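Here's a quick tour of one protein model, written for someone new to reading structures. Have the picture open and follow along.

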Amino acid sequence: MAVIPTAAGCMGAEAAMSGRAIADYALLSDRHGAALVHRDGSVDWLCLPRFDAPAQFARLLDDDGGHFAVTPRNVESTDRTYLPESLVLETCFRCAGGVAVLRDTLATGVDEQADILGRNAPHLLLRELRCTRGEVTVDLDYQPRPEYGLIRPLLEPAAGGLVTRGGAGILRLSGEADWSITDSAARAQVRLREGERLRLALQHNPLTAGAPAAIPPAGITEGIELTLAAWQAWSDVHQKYDGPWTELVRHSGRVLQGLAYQPTGAVVAAPTTSLATCIGGSRNWDYRYSWVRDASLTLDALWVAACPAEAHRFFDFLGATALIQVREDGELQCVFGIHGEHDLTEREQHWLTGWRNSRPVRVGNAAWSQRQLDGYGDVLLAAHRLRGQLADMTETARRFLAEIADAAANRWQEPDHGIWEIRGKPRHYLHSKLMCWAGLDRAIDLAPELFPDGGSAGRVARWREARTNLRQAILTRGWSEHAGAFTQAFGKAELDAAALLLPLVGFLPADDPRVLATMDAIEARLTDANGFVYRYRMDDGLPGDEGPFLICTFWLAQARAMAGQLEQAVCIFERAAGCANDLGLLAEQVHPGTGELLGNFPQAFSHIGLVNAAQAIGEARNRASNATGTAGTDADAA
């Protein structure tokens with residue numbers, strides 16, 4: 001390996017602006033924090049030691065937001081993949097003079113138990129570039145910008161690399177390069193010949209802990225191999241799905257696991273903030289928090305069939321975070337910080353231009369103060385699905401689930417802001433009522449587990465009465481003769497894709513004429529020209545438009561499958577799954593004209609939708625096959 005001194009003007013093309021396509025990024029996760037890596041080898045987003053920590057690199061949102069690029073020269077083609085059953089990224093650069101293979105990962109740490117993947121994560125980015133043929137020249141460009149690009153830090157040479165000081169943390173860069181430091185940036189060039197490797201490591205420490213020790217090259221290679229083995233061990237234990245689109249479903253499971261914050265069991269909606277759903281508009285939100293809805297649905301999608309510790313951790317987290325609030329006033333806050341923080345006050349990072357100049361860039365999320373009644377049902381549905389793992393649940397978790405059911409019974413008649421967190425006047429949203437119904441339905445069935453010592457008759461009787469009243473209200477006030485469908489809110493005619501959940505949660509059979517009419521209405525009046533489903537089309541008071549939602553499209557596929565309409569379901573599923581990038585990652589929305597991915601990325605909701613729709617299609621195929629087999633047997637007998 002030859003180290004080439006850096007000279008002015010020899011770094012090649014300037015860094016790309018913040019308008020890079022969302023689909024060009026890959027996710028790295030150690031189940032504490034996350035990074036996004038561009039296909040050209042630049043880490044443009046890094047939040048350590050937590051998903052919601054101030055970004056160390058934020059070029060995703062501003063050209064000067066900071067990045068860490070490992071960029072071979074004269075690249076002719078690039079291919080990338082995750083190594084089998086892992087979130088270890090491998091990018092192959094075919095250059096004019098040779099081939100280089102880059103492996104990137106966030107180290108999960110060493111632990112022999114697959115059930116606690118990431119518990120000992122060292123907050124460490126590992127990068128290894130190998131020349132596998134010929135010779136390649138590589139440009140290195142390290143520009144840390146702590147606190148979302150606000151700070152231009154001090155870079156100091158240190159044994160085996162560099163130390164970065166600025167803000168509340170310290171970064172230690174270990175690497176074999178002759179670094180040239182100017183203006184809070186370090187650059188180098190390296191020439192690799194066949195068989196040679198360049199190994200780099202970037203570790204975060206809190207300021208109070210001081211700079212971590214440099215990591216030797218062999219330690220970097222070993223860390224990558226150990227992380228690969230840890231992911232593969234987790235996948236081997238947990239990934240039992242065997243049905244249509246097996247690899248897509250299992251990969252989505254790994255993505256969802258990568259979005260789960262290991263220390264508490266909280267699940268972030270996405271690892272990014274302010275990736276716009278309307279280019280140039282203001283629909284830019286921070287998704288690095290744990291929505292009760294998203295987290296519950298993630299556990300439901302994963303099933304956590306072989307890992308009761310994950311289920312216990314999540315329900316204990318919710319219980320410890322929200323039990324007193326629910327007990328005192330029946331409120332279940334819809335979103336929490338990943339350590340259980342309640343106050344997520346929203347603020348703007350005015351110095352950032354935003355992705356494709358889509359301002360403002362926001363940190364925090366004002367939805368924390370909204371009333372969203374559907375959370376009761378989301379939690380209880382997840383608990384019901386995971387009941388086999390909760391036989392030995394703690395007393396705190398049992399009390400929490402029972403009081404959630406009490407709150408649903410007591411508060412379902414109140415208006416709220418709904419699943420889409422519309423920032424306007426509260427309404428009687430059908431989806432919120434539906435989820436209260438579903439939560440009570442599951443709580444009634446869970447009563448033996450919630451009250452192992454008995455004494456539940458009075459509470460369960462109240463739950464039954466509320467469930468009956470809810471059902472009547474939804475059937476009479478949620479249906480619109482004018483719209484010919486179940487609609488967004490009681491007494492209104494606007495359509496909402498959330499009505500597709502009526503069969504998904506078991507309120508009505510999917511082949512009920514009213515459900516079929518609702519599906520038809522949504523497909524006819526709530527889709528774009530390519531058949532992707534919008535959430536709604538009403539004016540929500542925010543400037544700018546938005547694209548169709550991928551989870552809504554997956555809901556339609558799932559509902560069609562449950563109705564036995566397999567051909568339609570498969571077509572819709574493949575349309576939505578086809579929006580994934582080359583690494584199988586999905587954002588929140590898709591542009592109605594270009595098909596480009598929009599919104600925070602990768603999006604848990606979209607991967608949840610993929611998992612559930614694929615499973616529903618598999619179950620529908622089995623039912624159809626069994627029915628055909630039974631019919632054949634009857635005919636033979638006759």
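How much space lies in the largest cavity? About 370 Å³. Keep in mind that this is a predicted model.

**Cavities**
- Searching the whole structure turns up four cavities of 30 Å³ or more.
- The largest cavity is lined by 24 residues, and the closest to its centre are W285, Y287, W420, E421 and R535.
- Sort that lining by type and you get 11 nonpolar, four polar and nine charged residues.

- E421 sits in the loop between α6 and α7.
- Its phi is positive, about 55°, although E421 is not a glycine.
- E421 has a relative accessible area of 17%, and buried means under 20%, so this residue counts as buried.

- Nonpolar side chains tend to be buried together in soluble globular proteins.
- The largest nonpolar core here has 195 residues, and Y142, W420 and W463 touch the most other members.
- Helix α7 (residues 430–450) gives the most to this core, contributing 12 residues.
- There's also a second, separate core of 10 residues, with L83, I215, I220 and L228 among them.

**Helix α6**
- Helix α6 covers residues 395–411, and at 1.5 Å a residue its 17 residues should span 24 Å.
- α6 is mostly covered, with 13 of its 17 residues buried.

**Helix α11 and R560**
- Because 12 of its 13 residues are buried, α11 is largely enclosed by the rest of the structure.
- The buried residues of α11 include L550, F554, W555 and R560.
- R560 lies in α11, which runs over residues 550–562, and its relative accessible area is 2%, so R560 is buried.
- Leaving out residues up to four places away in sequence, R560 touches M519, D520, E523, Q565, Q568, A569 and I572.
- After α11 comes G564, with a positive phi near 85°.

**T221 in helix α1**
- You'll find T221 in helix α1 (residues 217–238).
- Its relative accessibility is 17%, so T221 counts as buried.
- T221 touches E128, R197 and R199, again not counting residues up to four places away in sequence.
- T221 and P271 are 50 residues apart along the chain, and 26 Å separates their C-alpha atoms.

**Backbone details in the loops**
- R359 and P360 are joined by a cis peptide bond, with omega about 0°; P360 is in the loop between β18 (347–348) and β19 (362–363).
- Another cis peptide bond runs from F601 to P602, with omega near -15°; P602 is in the loop between β23 (597–598) and α13 (604–637).
- S274 has a positive phi near 65° and is a residue other than glycine.
- Look for S274 in the loop between α2 (246–258) and β16 (290–291).
- Is S274 buried or exposed? Its relative accessibility is 0%, so S274 counts as buried.

Terms used:
Residues numbered from 1 in each chain as written. Predicted model: local features only at pLDDT ≥ 70, side-chain atom pairs only at ≥ 80, totals over all residues. Heavy atoms only, no water. Helix = DSSP H or I, 4+ residues; strand = E, 2+ residues; numbered from the N terminus. Expected span 1.5 Å × (residues − 1). Buried < 20%, exposed > 50% of the residue type's maximum accessible area, 1.4 Å probe, protein only. 1 Å grid on protein atoms, 1.4 Å probe; cavity = no way out; pocket = protein on both sides within 12 Å on 5 of 7 lines; lining within 4 Å. Points joined across faces, edges and corners; volume = space filled by probe spheres on them. Nonpolar A, V, L, I, M, F, W, Y, C, P; charged D, E, K, R; others polar. Contact = heavy atoms within 4.5 Å. Core = buried A, V, L, I, M, F, W, Y, C linked by side-chain atoms within 4.5 Å.
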